[in-house]
Amino acid sequence: MKIIETIATVTKDGNITAQLPLDIPEGEHQVVIVIDEKPVVEKPESKQKRPPLNFPVHNYGPWPENLSLRREDMYGDWGR
């Protein structure tokens, strides 16, 4: 027994078409189908190139010379 998750197409007349892995042998197979009642909605492909993101930049001056970002220096004996 194999579990395969794939996208299937259902037509108005009730036919279903699905793409299976190539290692499934040709012929009739007993299958169980579970249908999610919400159809898959594909996003339309955007042909327009999106402009680059514009992040704000703030200058707060240079860091202090004695600034340490070591965990031990920031938290001291906290947690011991």
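Reply: Start with the overall form. The protein has a radius of gyration of 28 Å, whereas a compact globule of 80 residues would have one near 12 Å. That radius is taken over C-alpha atoms, and the globule rule is 2.2 Å times the number of residues to the power 0.38. Along its principal axes, the C-alpha trace spans about 75 × 45 × 25 Å.

A word on the source. This is a predicted model, in which local features need pLDDT of at least 70, side-chain atom pairs count only at pLDDT 80 or more, and totals for chains, interfaces and linings use all residues. Residues are numbered from 1 along each chain as its sequence is written, and side-chain values use heavy atoms, with hydrogens and water left out.

The protein holds 1 helix and 2 strands. Their order from the N terminus is β-β-α. Both kinds of element are DSSP runs numbered from the N terminus: helices are H or I with at least four residues, strands E with at least two.

Buried residues make up 0% of the 80. Buried means under 20% relative accessible area, exposed over 50%, and partly exposed in between (1.4 Å probe, protein chains only). The protein exposes about 9,700 Å², and carbon and sulfur atoms supply 55% of that. The area comes from the Shrake-Rupley method with a 1.4 Å probe.

Which strands supply the lining? β1 (8-10) and β2 (16-18) each give at least two residues. By class, the lining has 17 nonpolar, 5 polar and 5 charged residues. Ala, Val, Leu, Ile, Met, Phe, Trp, Tyr, Cys and Pro count as nonpolar, Asp, Glu, Lys and Arg as charged, and the others, Gly among them, as polar.

Look at V10, in strand β1. V10 counts as exposed because its relative accessibility is 53%. Not counting residues up to four places away in sequence, V10 touches N15 and I16; contact means heavy atoms within 4.5 Å.
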